[in-house]
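Student: I have a chain open on my screen and would like to read its fold with you. Could we go through it step by step?

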Amino acid sequence: MSQLVTRAVALSALLAAACAERPASDFHVHGAGVSVRTSAPFAHREDLPARIEAAISAALVYWGGSWDDLSGAQITLLDGPYVPCPGSSHAVGCYDGDLRISASDPGAGTLSCVEQTVLVHEVGHAVIGDRHHTDPRWMDFEAVLEALSGQSGYTAGGETDCPLFTSVWRHSPDAP
Ligand SMILES: [Zn+2]
């Protein structure tokens, strides 16, 4: 009996550890959960769910995907500059079935809108895989830039603009 109890305790400890890596969703966009784990001002504005939905929609159009590609996935926004990612110590974004996205840039600091993050890039991995970035679309993104430009950004002081740059989403093919 006591051995059973010990095993039950050990199992629940294991489950707790697993849950710690996948935080609870604050809201859902279609079938994907979104968890806000950053203090970046844009992530605490009322328009965040709509902005994430629009950014992902533009990315899905670009990549030829659908919301099914993200069904059951967890999207976590984190304070950066780097996010936990298997096999990478300097990732600003990660896709391993779930998406982890940094809300800050290693050079520029805290970002002012969700469109400035690498979300559009990581959605690409969710749709086409291609972890070595061999598809030519990894070096384009002009259509996404056009679709998402011109929206407001946010700082601690209030509203600002939110310039976008394709260089944030681009990635040249990995060396073979
Ligand atoms: Zn990538």
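Student: In what order do the 5 strands of the open sheet stand?
Tutor: This is a predicted model, in which local features need pLDDT of at least 70, side-chain atom pairs count only at pLDDT 80 or more, and totals for chains, interfaces and linings use all residues. Residues are numbered from 1 along each chain as its sequence is written. Strands (E, at least two residues) and helices (H or I, at least four) are DSSP runs numbered from the N terminus, and two strands pair if DSSP finds at least two bridges between them. The pairing in this open sheet is mixed, and the order of its 5 strands is 1-2-3-5-4.

Student: Which strands stand at the edges, and why is one side of each left without a neighbour?
Tutor: An edge strand here has a single partner strand, so one side is left without a neighbour in the sheet. From one strand to the next, the twist averages 20°. The strands at the edges are strand 1 (27-29) and strand 4 (93-95).

Student: Which helix packs on the sheet by touching strand 1 and strand 2?
Tutor: Contact means that the C-beta atoms of two residues, placed from the backbone, lie within 7 Å. Axes are lines fitted to C-alpha atoms, for helices over the stretch in contact, with angles from 0 to 180 degrees between N-to-C directions. The direction of this helix makes about 25° with that of strand 1, and the helix is helix 2 (residues 48-63).

Student: In which sense do strand 2 and strand 3 pair?
Tutor: Look at G33, which stands opposite Q74 in strand 3, and at V34, which stands opposite I75. Over 5 bridges, strand 2 (residues 32-37) and strand 3 (residues 74-78) pair in a sense that is parallel.

Student: And in which sense do strand 1 and strand 2 pair?
Tutor: These two strands form a hairpin with 2 residues between them, and H30 in the turn has a positive phi of about 50°. H28 has G33 as its bridge partner in strand 2. The pairing runs over 3 bridges, and its sense is antiparallel.

Student: Is the β-α-β unit of strand 2, helix 2 and strand 3 left-handed or right-handed?
Tutor: View the strands pointing away from you: a crossover is right-handed if the path from the first strand over the helix to the second runs clockwise. The unit made by strand 2, helix 2 and strand 3 is left-handed.

Student: Which helix lies across strand 4 and strand 5 (99-102)?
Tutor: Find strand 4 and look for a helix running at about 15° to that strand.

Student: Where is the cis peptide bond?
Tutor: Most peptide bonds are trans. Go to the loop between strand 3 and strand 4, where P81 is found. With omega near 5°, the cis bond runs from G80 to P81.

Student: Is D130 buried, exposed or partly exposed?
Tutor: D130 sits in the loop between helix 3 and helix 4 (142-148), and has a positive phi of about 50° although it is not a glycine. A residue is buried if 20 or more other C-beta atoms, placed from the backbone, lie within 10 Å of its own, exposed if 12 or fewer, and partly exposed in between. Because D130 has 16 other C-beta atoms within 10 Å, this residue is partly exposed.

Student: Over which residues does pLDDT stay under 50?
Tutor: pLDDT is the predictor's confidence in each residue, from 0 to 100. The chain has a mean of 91, with 88% of its residues at 70 or more. Where pLDDT is low, the predicted coordinates should not be read in detail. The stretch under 50, which has 0 contacts beyond four places in sequence, is residues 14-20.
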